[in-house]
Amino acid sequence: MSFRRPCVLSLSGHDPLGGAGVHADIEAISSQGLHPLTVITALTVQDSRNVSRVEAVDPGLMSEQLQRLEADCDIRAIKIGLLGNPAQVALAVDLIARLRVPAVLDPVLRAGGGRELAGTSLETAIREQLVPNVRLVTPNAAEARRLVGQAPDADLDACAQALLAAGCANVLITGGDEPGAQVLNTWYRAGAAPCRYVWPRLPETFHGAGCTLASAIAARLAAGDDMAAAIQTGQSWTQSALERAIAVGRGRRIPGRH
Ligand code: PLP
């Protein structure tokens, strides 16, 4: 009998402020009773307002780290956030094929503060290689439109259908970056009507909300929830973390995850 604690493996960037990236993943995954394994994709320079530099980690080093964790740990789900280059995308695709556990992709293309986080070749690799291979992709509205090459005001239902047609099983488009008194998130899957979730819009702006949500959902999937339950619980837990948000800098607040 194994007494090993089930794990969620996170491939994410390091945000020294502790709002997004690997800190968000560790806290969100731990909150759900799973153990977080973290393979860092990039070091960043940022504060609570914006990112100014991203330095990708050597994919060879990441590959060595993955080999050791895969041989040692009981990995039940994968969460993928910021990726540093197309070679890291290939690494993530191979990992998903080997492990055959649910993978949740938060397609990080641009920081909330405006800094571009994915050049054209990385964005193309994410769209063409990773999106078709994950169980769930969780873009915000801007990322969903970008991933399918649509204009900034394109209809989100149409974008989601294009992502499903590209081979992704489930798409959760979050609406925190859209205008409106409420935040509308929508879960799309093939052969079913879209499932819409409405959340009160909180007065502040946040840094790290997307990472927190994707990790919480990955952890719920790792815990054995079906997709509907994982999406519901991931959102409600993230909403309460946003209600408890804390200020650690002078800019945006970060989710209060513990
Ligand atoms: N830094 C890292 C490492 C991230 O993963 C992300 C987003 O996922 C960001 C910065 C930007 O976060 P936000 O858009 O919430 O400011």
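Start by selecting Thr38. This residue is buried, with 20 other C-beta atoms within 10 Å. The count meets the cut-off, because a residue is buried if 20 or more other C-beta atoms lie within 10 Å of its own. Keep in mind that you are looking at a predicted model.

Thr38 sits in strand 2, which covers residues 35–46. Show its contacts next. Leaving aside residues up to four places away in sequence, Thr38 touches Ser10, Ser12, Val22, Asp25 and Ile26. Now pick Lys79. Lys79 and Thr38 are 41 residues apart along the chain, and their C-alpha atoms are separated by 9.5 Å.

**Helix 1**

Move on to helix 1, residues 21–31. Colour the buried ones: Gly21, Val22, His23, Ala24, Asp25, Ile26, Glu27, Ala28 and Ile29. Then show what covers them. The cover includes strand 1, strand 2, strand 4 (75–80) and helix 7. Step just past the end of helix 1 to Gly33. Gly33 takes a positive phi of about 85 degrees.

**Helix 1 against helix 7**

Two packed helices are described by the angle between their axes and the distance between the axes. For helix 1 and helix 7, the angle is about 40 degrees and the axes are 8 Å apart. The two helices are therefore oblique to each other. Helix 1 passes helix 7 in a right-handed crossing.

Select the contact itself. Helix 1 brings Gly21, Ala24, Asp25, Ala28 and Ile29. Helix 7 meets them with Cys211, Thr212, Ser215, Ala216 and Ala219. The residues of this contact divide into six nonpolar, three polar and one charged.

**The ligand**

Keep helix 7 on screen and bring up the ligand. There are 20 residues around the ligand, and Gly13, Ala20, Gly21, Leu82 and Gly112 come nearest. Which element gives the most? Helix 7, with three residues. By type, the shell divides into seven nonpolar, eleven polar and two charged residues.

**Helix 2 against helix 3**

Now select helix 2 (residues 59–72), then helix 3. Helix 3 covers residues 86–99. The angle between helix 2 and helix 3 is about 15 degrees, with their axes 10 Å apart. The pair is therefore roughly parallel. Helix 2 passes helix 3 in a right-handed crossing.

From helix 2, pick Pro59, Met62, Ser63, Leu66 and Glu70. From helix 3, pick Ala87, Gln88, Leu91, Leu95, Arg98 and Leu99. Together these residues make the contact. They divide into seven nonpolar, two polar and two charged.

Go to Arg100, in the loop between helix 3 and strand 5 (103–105). What is the phi of Arg100? It is near 55 degrees, a positive value in a residue other than glycine. Most residues other than glycine have a negative phi. Arg100 counts as exposed, because it has 7 C-beta neighbours inside 10 Å.

Finish at Ala158, in helix 6 (residues 156–165). Ala158 is exposed, with 12 other C-beta atoms within 10 Å. Ala158 and Gln67 are 91 residues apart along the chain, and their C-alpha atoms are separated by 39 Å.

How values were computed. Residues are numbered from 1 along each chain as its sequence is written. This is a predicted model: local features need pLDDT of at least 70, side-chain atom pairs count only at pLDDT 80 or more; totals for chains, interfaces and linings use all residues. A residue is near a molecule or strand if its C-beta atom, placed from the backbone, lies within 6 Å of it. Helices (H or I, at least four residues) and strands (E, at least two) are DSSP runs, numbered from the N terminus. Ala, Val, Leu, Ile, Met, Phe, Trp, Tyr, Cys and Pro count as nonpolar, Asp, Glu, Lys and Arg as charged, and the others, Gly among them, as polar. Axes are lines fitted to C-alpha atoms, for helices over the stretch in contact, and angles run from 0 to 180 degrees between N-to-C directions. Angles under 35 degrees count as roughly parallel, over 145 as roughly antiparallel, 65 to 115 as roughly perpendicular and the rest as oblique. A crossing is left-handed if the near helix is turned anticlockwise from the far one by less than a right angle, and right-handed if clockwise. Two residues are in contact if their C-beta atoms, placed from the backbone, lie within 7 Å.
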